[in-house]
Amino acid sequence: MRTKQKEKLLVLMALVMLTGCVSKSPSSSKSEDTKETLAAIIASAGYVETSTPGAILGTYEWHSPILIENVHATVDNPYVVEGYEISSDTSNGIEVRNCENIVIRDNYLHDCIWSADPEDYFSSNEGFAILVGESENILVESNVLEHNKLGFAAYHCRNVRLLYNTIKTTIVSSSVRFEQVAYSEIAHNYLSDNGTPEWFWAPGYRNIGIFVVRSDHIDVHDNTVIRSTSDGISVGGQIDGGGLTTHKSDWTGTASHISIYNNLVLDNMEIGM
């Protein structure tokens, strides 16, 4: 590793240790000085907070929710979903099932808030901006996910690359969740203000920024994760209260060969990593 990379990594590790956990009071508010300090730290580390330029400039094409199922494209000719604005209260925004060689690029997904049971608004298995299941060779890059019930998740997948996405203000949970995923990468993403601080004391409603669950050979690097209502980055083998691959708790699994490096993790409400 080059000297500058080493220095940057040491600085980011120190920042994680110093700022990974903050006051758990849901009513506490951050001062302007704190916000300015965080902005200065982020800028000095070379990370830039992104906005939604496509939405502002009107460069996205409005589209209804997209389901891609049983599509087996090739590496040379992948199936591409690109340039759409999607919002939904009746389904996931973009869902991929049993597919190969899919590219989801440069889309704006917002206000995807679907619950199968209207009485259970806080359910964590539907209402995703992007959900990928039982698929292989999936590239998800340069999308903006904003104010969705759930963010991005992949389960029972292999070779998923989540790159250069902005994921902000996810309401309930799963800003980024990899569950039983192998040989995949989470890199260069910007996550901020995910979760609802006022719900911190309500069991099950805290939002982990990047959550790698019962997965193998995952690289997590060069991401910015700030102000999540739980951990910034978490890795575990257990599934507590059910997940995408089981409806009940299962504490018998493991995660292995997980590499986490060169991430900026700041001001999350529980543990930094």
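View A. Glutamate 69 is partly exposed, with a relative accessible area of 38%; buried means under 20%, exposed over 50% and partly exposed in between (1.4 Å probe, protein chains only). Arginine 97 is likewise partly exposed, at 33%. Their side chains meet in a salt bridge of 3.5 Å, N to O, a term for a side-chain nitrogen of Lys or Arg within 4 Å of a carboxyl oxygen of Asp or Glu. The pair links strand S2 (residues 66–69) to strand S5 (residues 94–97), 28 residues apart; strands (E, at least two residues) are DSSP runs numbered from the N terminus. The model is predicted: local features need pLDDT of at least 70, side-chain atom pairs count only at pLDDT 80 or more, and totals for chains, interfaces and linings use all residues. Residues are numbered from 1 along each chain as its sequence is written, and side-chain values use heavy atoms, without hydrogens and water.

**View B. Salt bridge between arginine 105 and glutamate 141.** The closest N and O atoms of this pair are 2.9 Å apart. Arginine 105 lies in strand S6 (residues 100–105) and glutamate 141 in strand S9 (residues 136–141), so the contact ties together parts 36 residues apart in sequence. Arginine 105 is partly exposed at 25%, whereas glutamate 141 counts as buried at 18%.

**View C. The open sheet of eight strands.** The strand order is S1-S4-S7-S10-S12-S14-S17-S20, with parallel pairing; two strands pair if DSSP finds at least two bridges between them. Strands S1 (61–62) and S20 (264–266) stand at the edges with a single partner strand each, so one side of each lacks a neighbour in the sheet. Two bridges join S4 (residues 84–86) to S7 (residues 108–110), and isoleucine 86 has leucine 109 as its bridge partner in S7.

Note on methods
Helices (H or I, at least four residues) and strands (E, at least two) are DSSP runs, numbered from the N terminus.
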